[in-house]
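The sequence and the structure follow.

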Amino acid sequence: MLCWGNASFGQLGLGGIDEEIVLEPRKSDFFLNKRVRDVGCGLRHTVFVLDDGTVYTCGCNDLGQLGHEKLETTNCETWLSPHIFAYCAAGQCHYLLFPAWKHFI
């Protein structure tokens with residue numbers, strides 16, 4: 001996966017980088033051995049749904065939009081859920097996750 005732009009809150013999924021602005025496309029090492037199915041981009045946060053249905057979120061979490069207990073900026077972390085998801089959508093300060101229905105029950 002290649003990403004660039006504002007990285008000041010970790011929303012690009014690049015990990016602990018020093019730059020706040022990434023001007024040229026950069027490969028995200030975090031996703032090297034993972035297949036990304038869907039991506040949702042919010043104002044200062046991002047959600048990734050992988051082919052296996054796991055969900056990773058990163059970036060600003062000041063309003064709880066990452067789905068983690070801690071209200072702070074974070075690098076990519078697994079969003080813990082017993083469910084398998086297929087797709088996502090993101091708004092300015094929220095996400096929607098669409099389950100893979102055969103695994104949801």
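## Aromatic contacts and accessibility

His83 is found in the loop between β6 (74-79) and β7, in a model that is predicted. With a relative accessible area of 28%, His83 is partly exposed.

Strand β7 (residues 85-90) contains Tyr87, which is partly exposed at 47% relative accessibility. Together with Leu96 and Phe98, Tyr87 makes a nonpolar surface patch of about 320 Å².

The count of aromatic pairs comes to four.

| Pair | Geometry | Centre to centre | Angle between planes |
|---|---|---|---|
| Phe30 and Phe31 | edge-to-face | 4.9 Å | 80 degrees |
| Phe30 and Tyr56 | edge-to-face | 5.2 Å | 80 degrees |

Phe30 is partly exposed at 30% relative accessibility, whereas Phe31 is buried at 4% and Tyr56 is buried at 12%. Ring pairs join Phe30, Phe31, Phe48 and Tyr56 into a cluster.

Charged side chains also lie over rings. The charged end of Lys34 sits over the ring of Phe30, 4.5 Å from its centre, and Arg44 lies over the face of Phe9, at 4.7 Å from the ring centre.

Thr46, placed in strand β4 (residues 45-50), has a relative accessible area of 6% and is therefore buried, the limit being under 20%. Beyond residues up to four places away in sequence, Thr46 touches several residues, including Tyr56, Cys41, Cys58 and Tyr95.

Notes: Residues numbered from 1 in each chain as written. Predicted model: local features only at pLDDT ≥ 70, side-chain atom pairs only at ≥ 80, totals over all residues. Heavy atoms only, no water. Patch = residues over 30% accessible without salt bridge, like charges linked within 9 Å, V, L, I, M, F, W, Y side chains within 5 Å. Areas by Shrake-Rupley, 256 points an atom, 1.4 Å probe, with all protein chains shown as cover. Salt bridge = Lys/Arg side-chain N within 4 Å of Asp/Glu carboxyl O. Helix = DSSP H or I, 4+ residues; strand = E, 2+ residues; numbered from the N terminus. Buried < 20%, exposed > 50% of the residue type's maximum accessible area, 1.4 Å probe, protein only. Contact = heavy atoms within 4.5 Å. Phe/Tyr/Trp six-rings, centres within 6.5 Å; stacked < 30°, edge-to-face > 60°. Lys NZ or Arg CZ within 6 Å of the ring centre and 35° of its normal.
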